[in-house]
Amino acid sequence: MSTSPVLVVGGTGQVGSAVLRALAAAGRPGRSAGRGGEVRLDHDHPGSYAAALDGVEAMFVSVPDRPDAAEVEGRLLTAAEHAGVRRVVKLSAASAGWEPPRSFGVSHRRAEEQLRSSDVAWTILRPTVFQETIALFCEDAAKGRMLTPRCRSAVAFVAVDDVAAVAARALIDDDLAGQTLELTGPAALGFGDIAHQVGTILGRRVRHIGLPHAIARRALPRAAGMPPWLANEIVDLFGGLDAGLQRHVTDDVERVLERQAFPLDGRLAELLGWG
């Protein structure tokens, strides 16, 4: 097993920083790469890639959501192959596995296909919606409501720390090379169930309100200050969630980590910063 540092692209983000912690816990050094990382790597300046990749054997890749994400990731992978990187673990999304892929999964599927056709040893991680994102929809919980685009199905939300722990294993060990892992929590919950739990924590009734998708496309840019393209991606994602495309529970986290995935039940207060 190599002891050289792992380059964590996107290491200052939520998942990347968790991967760095997981690597440290496993005794394997990691270096954060990004505009503000330990190693400078700027996706808008590909000239920064060569120096960042020099001497790197293993790399975790998490590219931020952006309209040209597939092109950015493709340039990075090409540079990694030229630099002699031997192993790449890619953070993808469960929506890349939908047929056809939609939302963020469209660009992730394109990046996955390039990675699979490369000469590096690869592992692809396809997590469902992160448990941690629930906080984004609870800003009005004190007013008794939780607003999301419409979703009438349950979702097998996964913990960021579970995804990071699986990534660390894939970066260190050889046995996960060539695998595409579907990462979920141990059970699926509906947003109505989550709203009820939030209400229990707050000691008041909290109601889930699912906005029609046409309304959500118009409301999100104004309410959250996000660009229209990002609002469309989120609503498209919820279209898949509403159809039940992330309610299926897999055992990939349990199989890799030899323990149960973290359940959402009992973690909400902590995730929302109320614990």
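The model is predicted, so its local features need pLDDT of at least 70 and side-chain atom pairs count only at pLDDT 80 or more, while totals for chains, interfaces and linings use all residues. Residues are numbered from 1 along each chain as its sequence is written, and side-chain values use heavy atoms, with hydrogens and water left out.

**Whole chain**

The secondary structure comes to 10 helices and nine strands; helices (H or I, at least four residues) and strands (E, at least two) are DSSP runs, numbered from the N terminus. The radius of gyration is 19 Å, close to the 19 Å that the globule rule gives for 275 residues, so the chain is as compact as a globular protein of that length. That radius is taken over C-alpha atoms, and the globule rule is 2.2 Å times the number of residues to the power 0.38. Along its principal axes, the C-alpha trace spans about 55 × 40 × 35 Å.

Now switch to a surface. Its accessible area is about 12,400 Å², with 51% belonging to carbon and sulfur atoms (Shrake-Rupley method, 1.4 Å probe; for residues, only the protein chains shown count as cover). Of the 275 residues, 53% are buried, meaning under 20% relative accessible area, against over 50% for exposed and in between for partly exposed (1.4 Å probe, protein chains only).

**Helices 7 and 8**

Select residues 213–224 (helix 7) and 228–242 (helix 8); their axes come within 9 Å and cross at roughly 145°. Axes are lines fitted to C-alpha atoms, for helices over the stretch in contact, and angles run from 0 to 180 degrees between N-to-C directions.

Show side chains next. Residues of helix 7 including His-213, Arg-217 and Leu-220 meet residues of helix 8, among them Asn-232, Val-235 and Phe-238; contact means heavy atoms within 4.5 Å.

**Gly-10**

Move to Gly-10, in the loop between strand 1 (6–9) and helix 1 (14–25). Leaving aside neighbours within four places in sequence, Gly-10 is in contact with Gly-16, Ser-17, Ala-33 and Ser-62.

**Gly-266**

Finish at Gly-266, in the loop between helix 9 (252–257) and helix 10 (268–271). Is Gly-266 buried or exposed? Gly-266 counts as exposed, at 77% relative accessibility. Select Arg-255 as well: Gly-266 and Arg-255 are 11 residues apart in sequence and 23 Å apart in space, C-alpha to C-alpha.
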